[in-house]
Protein chains: 2
Amino acid sequence: MLSKSKIKLIHSLNRKKDRDESGIFLVEGIKMVEETLRSDFNIVLLVCSTKFANQHPEIQFRVKEIIESDSESIQKASLLQNPQDVLAIVSQNLNIKPELNLQNELLLALDFIQDPGNLGTILRIADWFGIQTVICSENTVDVYNPKVVQASMGAIFRVKTWYTSLEAFITKTAIDETPVYGTFLEGKNIYNETLASNGIIVLGNEGNGISPEVARLVSHKIYIPSFSSEKSAESLNVAIAAAICCSEFRRR
Amino acid sequence: MLSKSKIKLIHSLNRKKDRDESGIFLVEGIKMVEETLRSDFNIVLLVCSTKFANQHPEIQFRVKEIIESDSESIQKASLLQNPQDVLAIVSQNLNIKPELNLQNELLLALDFIQDPGNLGTILRIADWFGIQTVICSENTVDVYNPKVVQASMGAIFRVKTWYTSLEAFITKTAIDETPVYGTFLEGKNIYNETLASNGIIVLGNEGNGISPEVARLVSHKIYIPSFSSEKSAESLNVAIAAAICCSEFRRR
């Protein structure tokens, strides 16, 4: 059975402060927990139905502690609106600077992305388009926020994230010829540009776009043009803009 | 002041059955209500702060009933997690078949889109890419669901939607040479195809893709390839796929 203290622990993982202190995060649902089992992340606790345990004999070797529990208890612990019969507590990967090869590699850099759904979706897009690392400004929403984890559909286990000052990162890293792209209203039409196969694509805050400190480091200002005849469509969601940018950079 | 019966009415608009019966829907937040004021939709009731009323003198001519109210009452009525000081009750546009010109026009057709956030985002994408009409299967989530309205960021007022049987619609409408596109795992690489400037792009259900009945009407099967080296990225969110398709169809 699932003790009250365990349920309390699980609920605490909805708060960044508690996640930071404990160094763990929550993963929910069959598909997501299966992704976790296939990843190299360390699973501290698995709470699941007997059915799930029987269908996944590998958990014996993969998980530190297993609690088989009834649906009702799991629902009490769950942070989801529609809980499934399985959840896992997983160790965070420490925020270590990933090894980069910016002469060949394309990175995303997120400047104050606030919405967890957007961050999760952007990680999923990066995963799809073979972008291995996403650099996040320190004020970007926490990658271990349960809503980010769920929206990433498992991409969180494959795409590396690193939280740091974007300004310092770009200044130090994007030396020499590394192109730094960013979307601006006054940028050049992305469909007409010859885009590099390496460099950094900066994506800005949902409301305010790219901050002035980072904007001055952008070497290539680009723009996704609207095809609306009324010029009434005011903006694209940042995850949608990320998808179109990644698609344009990868297509040949 | 905002009466209890008005608050009850507002809360009822979270339920499709009640929206269908009353023929009205809820719009919340400053930006969204400003979009409503600029649209040709009929505003039945506006609940707002005195500040908003003073800043928007046009509401006198535009709105049937105005209630100036304090934040606390508006928060009680609101369905949002972070309520703003304004909301509006708006008449639905009846589900009338839009005039189409499929020899020149590009349409989206949604086959059982379930998630309100996805539908709202797809409408916003359609708006950006100048797609004026979105055809929805009868089991697609209701366009007047408050979460769809909010996620559309106002696109709901500009993009026409029509709920009908996709099978019947495509059979009747896509006669002669009208291309019908749909994404399938076995489809052709979208980046290598010459895409038409007219026709129908079918987008399928979040979990199950395009239904068999609609799939057999698709004349051009396409596919957005993954660039992930591990082949681990399993799927794109349907709104992300919609964005990449629209971008590919519109770019020249």
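The paragraphs below go from the conventions to the sheets, then to a helix, to some single residues and to the contact between the chains.

This is a predicted model, in which local features need pLDDT of at least 70 and side-chain atom pairs count only at pLDDT 80 or more, while totals for chains, interfaces and linings use all residues. Residues are numbered from 1 along each chain as its sequence is written, and chains are lettered from A and ligands numbered from 1 in the order in which they are written.

Helices (H or I, at least four residues) and strands (E, at least two) are DSSP runs, numbered from the N terminus, and two strands pair if DSSP finds at least two bridges between them. In chain A, 4 strands form an open sheet with mixed pairing, in the order β1-β4-β2-β3. Its edge strands are β1 and β3 (63–68) of chain A, each of which pairs on one side only. From one strand to the next the twist averages 15°, where axes are lines fitted to C-alpha atoms, for helices over the stretch in contact, and angles run from 0 to 180 degrees between N-to-C directions. Within this sheet, β2(A) and β4(A) pair in the antiparallel sense over 5 bridges, and A:C48 stands opposite A:V86 in β4(A).

Helix α3(A) lies across β1, β2 and β4 of chain A and runs at about 35° to β4(A). The helix spans residues 30–38 of chain A, and its buried residues are A:M32, A:V33, A:E35 and A:T36; a residue is buried if 20 or more other C-beta atoms lie within 10 Å of its own, exposed if 12 or fewer, and partly exposed in between, with C-beta atoms placed from the backbone. Why do these residues lie on the same side of α3(A)? They do so because they cover an arc of only 155° around the axis, the arc being that of the directions from the helix axis to the C-beta atoms. What covers them includes β1 (24–28), β2 (43–48), β4 (86–91) and α8 (146–151) of chain A.

In chain B, the reader can follow another open sheet, in which 6 strands with parallel pairing stand in the order β7-β6-β5-β9-β8-β10. At the edges are β7 (160–163) and β10 (220–223) of chain B, each with a single partner strand, so one side of each is left without a neighbour in the sheet. The twist in this sheet averages 35° from one strand to the next.

Strand β5 (residues 106–110) of chain B is mostly covered, with 5 of its 5 residues buried. In a regular strand the side chains alternate between the two faces of the sheet. Here B:L106, B:L108 and B:L110 point one way from β5(B), whereas B:L107 and B:A109 point the other way, and all are buried. The parallel strands β5(B) and β9(B) are joined by 5 bridges, with B:L108 opposite B:I201 in β9(B). Strand β5(B) also runs parallel to strand β6 (residues 133–136) of chain B, to which 3 bridges join it, and there the bridge partner of B:L108 is B:V134. Together with helix α7 (residues 116–128) of chain B, the strands β5(B) and β6(B) make a right-handed β-α-β unit; a crossover is right-handed if, with the strands pointing away from the viewer, the path from the first strand over the helix to the second runs clockwise.

Two residues of chain A deserve a look at their backbone angles. Most residues other than glycine have a negative phi, and most peptide bonds are trans. A:F112, in the loop between β5 (106–110) and α7 of chain A, has a positive phi near 65°, and it counts as buried with 21 C-beta neighbours inside 10 Å. A:M153, in the loop between α8 and β7 (160–163) of chain A, has a positive phi of about 50°.

Turning to the contact between the chains, 25 residues of chain A are in contact with 25 residues of chain B, two residues being in contact if their C-beta atoms, placed from the backbone, lie within 7 Å. On the side of chain A that touches chain B, α7 (116–128) and α11 (238–250) of chain A each supply at least two residues.
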